[in-house]
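Please look over the structure shown below, and then work through the questions that follow it.

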Amino acid sequence: MTLSTTGAGPTVSLLGTTALLFEAPGAMELHSQQRIWALAQEAAAWPEVREAVPGMNNLMLSFVRPPRALDELKARLAAAWEAVAPLTREGRVVELPVRYGGAGGPHMADVVAHTGLSVEEIVELHSAPLYPVYALGSHPGYCYLGGMDPRIATPRRPVPVLSIPGGAVSIGGAQTGVSASAGPSGWNTIGCTTMTFFDPARDPPATLQPGDRIRFLVEGIEP
């Protein structure tokens with residue numbers, strides 16, 4: 001059930017009986033994501049909310065029990081979204097050495113074919129930005145990153161790969177990311193790095209948090 005589907009405003013959809021998804025309008029960008037962080041912080045203090053989980057340009061709220069007065073809740077979310085100021089988080093800068101291409105980057109040739117750029121140009125463009133961590137999700141410790149150069153954007157693979165290793169550095173559409181553990185993926189893997197992104201014995205268990213930033217360091221380029 002969708003509670004609002006206006007083109008210019010946010011959309012709120014039910015997820016089962018004890019959760020909902022708030023989707024912000026507009027494109028994915030840091031300013032909008034900072035407002036999502038702020039909205040999550042505010043909504044987490046509402047008495048009926050069990051957990052507020054920011055995603056990419058969206059926010060999931062789960063509840064202790066099925067919420068009542070959904071129209072009132074939707075209106076409160078919309079009002080909070082309009083009033084909230086971006087939450088700036090000065091997190092850590094984490095540098096990740098990456099070996100591009102070769103066996104650890106089996107889909108580099110596909111990115112070359114799609115973009116028309118050379119391997120060296122792709123590596124230069126991919127390693128240039130300081131990528132903000134927008135959100136965690138997909139699997140434990142995985143970071144959704146913003147800030148990739150649109151010149152190396154490459155569509156997701158038509159047939160997903162059954163398993164890529166942890167540390168795989170990949171491009172999917174207009175985003176890039178690093179796999180935190182082995183598993184299936186529809187993204188194009190262009191390199192690999194070594195880092196432990198998740199440890200349940202730590203507090204917090206995820207190595208990176210929203211507001212941290214990642215810089216990819218070129219450790220080498222393999223044919």
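Q: How far is the sulfur of Cys 192 from the closest cysteine sulfur?
A: In this predicted model, the cysteine sulfur closest to that of Cys 192 belongs to Cys 143. A disulfide needs two cysteine sulfur atoms within 2.5 Å, and the gap here is too far for a bond. The separation between the two sulfurs is 17 Å.

Q: How many disulfides does the count come to?
A: A disulfide is a covalent bond between the sulfur atoms of two cysteines. The closest cysteine sulfur to that of Cys 143 is the one in Cys 192, and because it lies 17 Å away, it is too far for a bond. The count of disulfides therefore comes to zero.

Q: Is Cys 143 buried or exposed?
A: The cut-off for a buried residue is a relative accessible area under 20%. Cys 192, with 28%, is partly exposed, whereas the value for Cys 143 is 5%. Cys 143 therefore counts as buried.

Q: Which residue forms a salt bridge with Arg 213?
A: Side chains of opposite charge can pair when their charged atoms come close. A salt bridge requires the nitrogen and oxygen to be within 4 Å, and in the pair formed by Arg 213 the closest N and O atoms are 3.9 Å apart. This pair links distant parts of the chain, with Arg 213 in strand β14 and its partner in the loop between α2 and β6, 123 residues apart. The partner is Glu 90.

Q: Where in the chain is Arg 157, which forms a salt bridge with Asp 110?
A: The closest N and O atoms of Asp 110 and Arg 157 are 2.8 Å apart. The two residues are 47 residues apart in the chain, and Asp 110 belongs to helix α3. Arg 157 is found in the loop between β8 (143-145) and β9 (161-164).

Q: Is Asp 149 buried or exposed?
A: Asp 149 forms a salt bridge with Arg 151, their closest N and O atoms being 2.8 Å apart. Arg 151 counts as exposed at 55% relative accessibility, but the relative accessible area of Asp 149 is 15%. Since buried means under 20%, Asp 149 is buried.

Q: Which strand gives the most to the lining of the largest pocket?
A: The largest pocket holds about 310 Å³ of space, and its lining is made up of 18 residues. Strands β10, β11 and β12 each supply at least two residues of this lining. The strand that gives the most, with three residues, is β12.

Methods
Residues numbered from 1 in each chain as written. Predicted model: local features only at pLDDT ≥ 70, side-chain atom pairs only at ≥ 80, totals over all residues. Heavy atoms only, no water. 1 Å grid on protein atoms, 1.4 Å probe; cavity = no way out; pocket = protein on both sides within 12 Å on 5 of 7 lines; lining within 4 Å. Points joined across faces, edges and corners; volume = space filled by probe spheres on them. Helix = DSSP H or I, 4+ residues; strand = E, 2+ residues; numbered from the N terminus. Buried < 20%, exposed > 50% of the residue type's maximum accessible area, 1.4 Å probe, protein only. Salt bridge = Lys/Arg side-chain N within 4 Å of Asp/Glu carboxyl O.
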